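User: I would like the labels in this model checked against the definitions behind them. Please take them one at a time.

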Amino acid sequence: MDKMHLSQKDKLFKADLQDPYRAAMHNKGPAYCGDCGASYQAGRWSWQKLAEADAAARISCPACRRKADNAPAGTLTLSGPFVLSHHQDIVNVINHVEQAEKSQHPLERLMRISPSSDGLQVTTTGVHLANRIGHALESAFGGKASYHHDDQRRHVAVRWSR
Ligand SMILES: [Zn+2]
């Protein structure tokens, strides 16, 4: 296929197919996650109740599978004296961003926030959430951030220091 003729949607669809945690869902009927309650319908995940819940398949959603496998899509490494001395303020921003993001996009969730010797390590189930947390920290506190996506854009490593 000529790459020039791929629409943006096709590209996104292709990127989705390359994500092993999402690929299995394509072309399936309505389903819901038995772990978190997210529902899958017409190609997208949401928190809406399914109209015909009895007919839906009970599965484990990509975000819950990533958590179970400890396979994050986003990794944030936060470091520096400010991070160490403003631990709680930073965690509050991270939780706030997750709440906003997760309500619209069920597969974008925090996995773990863990202290490291020079700051905090944060993992997420979605690339988008990791990006948003990085930008939120930059705009709230300044500092320096960098974003490194892998070639298929399935994983992002965010570094923020202040
Ligand atoms: Zn789930």
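Analyst: The turns below set computed values against the cut-offs.

User: What kind of model is this, and how are the residues numbered?

Analyst: This is a predicted model, in which local features need pLDDT of at least 70, side-chain atom pairs count only at pLDDT 80 or more, and totals for chains, interfaces and linings use all residues. Residues are numbered from 1 along each chain as its sequence is written.

User: Why is Ala-130 called buried?

Analyst: A residue is buried if 20 or more other C-beta atoms lie within 10 Å of its own, exposed if 12 or fewer, and partly exposed in between, with C-beta atoms placed from the backbone. Ala-130 has 26 other C-beta atoms within 10 Å, so it is buried. It is found in helix H6 (residues 127-141); helices (H or I, at least four residues) and strands (E, at least two) are DSSP runs, numbered from the N terminus.

User: Which residues does Ala-130 touch, and what counts as touching?

Analyst: Two residues are in contact if their C-beta atoms, placed from the backbone, lie within 7 Å. Leaving out residues up to four places away in sequence, Ala-130 touches Gly-74, Thr-75, Leu-76, Thr-124, Val-156 and Val-158. As for Glu-98, 32 residues apart from Ala-130 along the chain, the two C-alpha atoms are separated by 9.2 Å.

User: What makes a set of residues a nonpolar core?

Analyst: The members are buried Ala, Val, Leu, Ile, Met, Phe, Trp, Tyr and Cys residues, joined through C-beta atoms within 7 Å. The largest such core has 18 residues, of which Leu-76, Leu-78, Ile-94, Ala-130 and Ile-133 touch the most other members. Two or more residues each come from E5, helix H5 (87-104), E6, H6 and strand E9 (156-161). H6 gives the largest share, five residues. Apart from this core lies another, of ten residues, among them Cys-33, Ala-38, Cys-61 and Cys-64.

User: How do you know whether Asn-70 and Ala-42 are buried or exposed?

Analyst: Asn-70 has 9 C-beta neighbours inside 10 Å, so it counts as exposed. Ala-42 has 7 other C-beta atoms within 10 Å and is therefore exposed.

User: How do you know that E5 and E7 pair?

Analyst: Two strands pair if DSSP finds at least two bridges between them. E5 and strand E7 (residues 119-124) have six bridges, in the antiparallel sense, so by that definition they pair. Thr-75 stands opposite Thr-123 in E7. E6 and E7 are also antiparallel, joined by six bridges, and a hairpin connects them through two residues. Ser-114 has Gln-121 of E7 as its bridge partner.

User: Why are E3 and E4 said to stand at the edges of their sheet?

Analyst: The open sheet has four strands in the order E3-E2-E1-E4, with mixed pairing. Strand E3 (44-46) and strand E4 (57-59) each have a single partner strand, so one side of each is left without a neighbour in the sheet. Within this sheet, E1 is joined to strand E2 (residues 39-41) by two bridges and runs antiparallel to it. Tyr-32 stands opposite Ser-39 in E2.
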